[in-house]
Amino acid sequence: MWHRRSAQMICFALLMAGLRPPAAAAQQTTPLTIELHDYATMPMTGVTQGTGSNEVLLARVNAVREEPGGANRLFVADLNGPLYILDKATKKFTTYLDFDGREGRSGIFPRFFITSGYGNGLNGFYFDPDYRRNGKFYTVHSEDPSLTISNLPSNKSFPGLNVAGYTTTPSVKTPNTIQNEGVLVEWTDTNPSNTTFEGTARELLRVQLNTRSHPMGDLIFNPTARPGDPDWRVLYQEVGDGASGESRVVPMRANPQRLDTLVGKILRIIPDLNEHVTTSTVSENGRYRIPNDNPFVGTAGARKEIWAYGFRNPHRLSWAVDPENAANNRLIANSVGLHTWETVNIVRKGGNYGYPQREGHEALKTDNTTGPLPAVDKIPMQIGEGVTDTVVVPTYPVIEYGHVPTGGDAIGSGFVYYGKNLPALRGKYIFTDITTGHIWWADYKEMLAADDGKPGTMAKFHEVRILWDDPNDTPDAGKKVYETMFLINEVTYHFRGGKEEHLASRQTIANQGRADDRLAVDGSGELYLYSKSDGMIRQVVGATVK
Ligand SMILES: [Ca+2]
Ligand SMILES: [Ca+2]
């Protein structure tokens with residue numbers, strides 16, 4: 001009894017002092033096991049024996065979204081170009097659009113770029129919240145700005161796409177050398193009930209990126225916003241830092257912190273020029289509106305689109321919805337770290353997430369190693385090449401894990417589970433590591449509590465094991481339990497004809513290749529897991545704690 005009380009008091013003292021050590025590794029707890037069912041096999045857009053980091057992936061599936069309104073279709077984006085409609089009943093994929101118009105190919109965009117960089121291609125896809133009525137959806141893709149050919153779309157393979165009047169926008173400038181562009185496009189299908197596109201497209205935004213890493217990608221609408229709410233049909237768009245933040249070129253390195261650039265940011269815009277007309281202004285390029293309540297609207301020299309900043313690669317956004325208390329709803333961004341910390345961040349209006357002066361709960365030094373925070377934990381606000389007199393306290397992640405064997409190399413996506421089928425997952429945030437195929441969970445309430453302004457307090461996270469049926473086994477062999485997705489992906493890669501001995505692309509912690517796993521949710525909040533290495537979509541059909 002005495003010992004227990006002492007331990008409690010020590011814990012209390014640590015907590016009060018803000019000294020609770022960050023959870024760099026998963027906690028030992030009663031394991032949570034999820035059961036996976038092979039749901040759909042993506043058409044192969046990679047090759048079974050190839051070179052480079054991308055073509056060896058059997059399909060670069062990167063977004064799985066359910067058509068709003070309880071329809072029976074999923075829309076699935078492959079970075080290599082196709083946007084498919086997946087019929088949930090027949091599991092049949094239909095190519096709805098194809099972005100790959102490179103070098104005479106049959107797709108839409110002649111400057112489309114996929115060759116290198118893990119995230120380049122058709123990266124983002126999201127439905128307008130009012131899609132059932134307006135047929136609108138949004139995509140983000142990469143283009144090669146060094147090409148001198150036209151950047152106008154072609155409809156040679158998609159005659160229903162009316163390209164008359166389509167014009168591109170001036171690329172938003174990013175300081176220093178440019179190797180990539182991220183392009184946000186609004187599409188309007190006049191007949192959403194069939195499997196073909198007929199209608200128009202409108203370029204909303206084009207952003208310069210310094211390198212081919214960390215592109216513009218994921219996008220999301222607040223799923224709880226309803227007509228009349230300030231957030232109704234307001235788009236949150238992440239833009240990676242284009243690897244500027246790790247550059248040794250000093251002016252480039254500052255880009256994620258600079259409020260006059262769009263890179264290393266999360267943006268908040270109104271795509272429809274007819275929405276929120278009295279509470280917003282029209283953007284510089286005339287294609288979208290900017291809400292008046294964005295945090296830097298009144299800051300001279302700052303881009304008014306910015307909602308939060310100081311990110312490296314916040315490549316996955318999700319919206320945590322607490323069905324019992326709307327005050328707990330949050331936008332969450334998962335950002336891939338440089339050499340040290342992978343992070344889950346609760347996104348605050350105007351928050352500076354510190355990169356490249358912070359990584360995880362530490363300072364990031366100019367030699368790209370991490371160390372203790374400075375005594376005065378503040379960062380000067382930067383607009384242009386100089387800093388301003390304003391200083392801000394950075395916002396810290398709520399979960400972090402290290403580049404260690406019990407961690408991984410690069411955080412994937414995650415979701416707070418709010419579905420009905422898997423009670424064991426309710427209130428839990430479940431997330432992946434891309435390369436190792438680790439899956440973990442954290443308690444969402446702990447994540448909210450860790451969003452306390454203290455760098456050292458983090459939510460704990462816990463291992464998820466995976467029950468899966470190996471197709472190589474005899475039918476009576478039953479399902480086996482796996483520690484991570486890695487072997488499941490490797491077995492399936494070989495089962496589908498993959499000829500490399502191991503999964504492609506060597507990584508430090510995963511060692512042999514990259515599993516490339518991410519989670520998705522459908523309209524009911526049920527979970528799917530998709531993987532590029534083996535080109536599969538799997539459904540989470542069970543979850544037990546024992
Ligand atoms: Ca249609
Ligand atoms: Ca904290």
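**Salt bridges: exercises with solutions**

Asp144 is buried, with a relative accessible area of 9%. The structure is a predicted model.

**Exercise 1.** Find the salt-bridge partner of Asp144 and state which parts of the chain the pair ties together.

Solution. 
- Step 1. The partner is Arg212; the closest N and O atoms of the two residues are 3.4 Å apart.
- Step 2. Arg212 has 25% relative accessibility and counts as partly exposed, whereas Asp144, at 9%, is buried.

**Exercise 2.** Decide whether Asp451 and Arg348 are each buried or partly exposed, and locate them in the chain.

Solution. 
- Step 1. Their side chains meet in a salt bridge, with 3.1 Å from N to O.
- Step 2. Asp451 lies in the loop between helix H4 (444-450) and strand S29 (462-468), and Arg348 in the loop between strand S19 (341-346) and strand S20 (358-359); the two are 103 residues apart.
- Step 3. Buried means under 20% relative accessible area. Asp451, at 12%, is therefore buried.
- Step 4. Arg348, at 39%, is partly exposed.

**Exercise 3.** Classify Asp516 and Arg514 as buried or exposed.

Solution. 
- Step 1. Asp516 and Arg514 form a salt bridge, their closest N and O atoms being 2.9 Å apart.
- Step 2. Asp516 has 1% relative accessibility and counts as buried.
- Step 3. Arg514 has a relative accessible area of 3% and is buried.

Conventions
Residues are numbered from 1 along each chain as its sequence is written. Chains are lettered from A and ligands numbered from 1 in the order in which they are written. This is a predicted model: local features need pLDDT of at least 70, side-chain atom pairs count only at pLDDT 80 or more; totals for chains, interfaces and linings use all residues. Side-chain values use heavy atoms; hydrogens and water are left out. A salt bridge is a side-chain nitrogen of Lys or Arg within 4 Å of a carboxyl oxygen of Asp or Glu. Helices (H or I, at least four residues) and strands (E, at least two) are DSSP runs, numbered from the N terminus. Buried means under 20% relative accessible area, exposed over 50%, partly exposed in between (1.4 Å probe, protein chains only).
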